[in-house]
Amino acid sequence: MTEHAHGQIGTPQVPVCPRHPDRVSYVRCQRCARPACPECQRPAPVGIQCVDCVNEARARMPVTRTVLGGRARGGRPVVTITLIALCVVLYLAQRVPGLTVTGSFIFMPALGVQEPYRFLSSAFLHGGTLHLALNMYALWIVGSVLEPALGRWRFTALYLLSAFGGSVAVLLLASPADPSWSTSVVGASGAVFGLFSAIFIVMRKFGRDATQILILIALNFFLGFVFAGISWQSHLGGAITGAVLALAYAHAPRDRRTLVGVAATVGVAVILVALVVARYAPLLG
């Protein structure tokens, strides 16, 4: 019995990965010296480090920000690409026979009171291939600049609230007494005009020549009066909403950017909802 116990005590302990105790590993992390299995190993300048040490070091790194307070993430504008993908997928769904995508998500003032989601869902639908292509091209060109500068959450808020603001303007400028109350509206134009306003304001803040952007905004807005089927009301609402948010985002004090950004986003959303409620209230009373 004594010899058997002595043999157990003298048996060397097999090193196992702390994250995966069922895996034996003789490779150790250069920082903490703990064993790390192949799944938990990360290349380091010398040897390897475990995933826990790498995550800890990454968390301690200072956050690099752009001149407007967005995280300097690098890489592709993820939100812009996601928005474009959603619009393309829904447009393809609109073309499938038997699906009622357009009828289910299109916006018109007459339907907004019963189905308020239409104020936003209509911004992801389009009336034709050219309509989609022009809006998505504008979204890519402007979004790929604004998203990294503003950061993802502020860019997302800017886009969605500009789209919402465009639909609200359509509602406010329509009347139950004429066909405008039952006129349907689709397209990301309101959101895109919000981005136009924002990039103009950002460029002006940093002393850049914004003449070309101003001409582009004026030209696109003018086309809404010339060609039938283009909602200048949506363009106007999106442009105003985007301008208000961009002024808050771009001119917020450096040490209060998050506070001002959140306050402006919530404030604009509350104002838009209040305008919708006020417009429908007499009709419901």
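Mentor: pLDDT is the predictor's confidence in each residue, from 0 to 100. This is a predicted model: local features need pLDDT of at least 70, side-chain atom pairs count only at pLDDT 80 or more, and totals for chains, interfaces and linings use all residues. Residues are numbered from 1 along each chain as its sequence is written, and side-chain values use heavy atoms, with hydrogens and water left out.

Trainee: What is the mean pLDDT of the protein?

Mentor: Residues at 70 or more make up 87% of the protein. Residues 1-9 have pLDDT below 50. Beyond near neighbours in sequence, that stretch has zero contacts (heavy atoms within 4.5 Å) in the model. The mean pLDDT of the protein is 86.

Trainee: How many helices and strands are there?

Mentor: Helices (H or I, at least four residues) and strands (E, at least two) are DSSP runs, numbered from the N terminus. Along the sequence the pattern is α-β-β-α-α-α-α-α-α-α-α-α-α-α. The count is twelve helices and two strands.

Trainee: Why is α9 largely enclosed by the rest of the structure?

Mentor: Helix α9 covers residues 189-205 and reaches 24 Å from its first C-alpha to its last. Buried means under 20% relative accessible area, exposed over 50%, partly exposed in between (1.4 Å probe, protein chains only). Helix α9 is largely enclosed because its buried residues number 14 of the 17.

Trainee: Is Phe 206 buried or partly exposed?

Mentor: Phe 206 sits in the loop between α9 and α10 (211-226). Its C-alpha is 9.7 Å from that of Ala 250, 44 residues apart along the chain. With a relative accessible area of 40%, Phe 206 is partly exposed.

Trainee: Which tryptophan does Arg 279 touch?

Mentor: Leave out residues up to four places away in sequence. The residues Arg 279 touches then include Leu 171, Leu 172, Ala 174, Ser 175 and Pro 176. Also among them is Trp 181.

Note on methods
Expected span 1.5 Å × (residues − 1).
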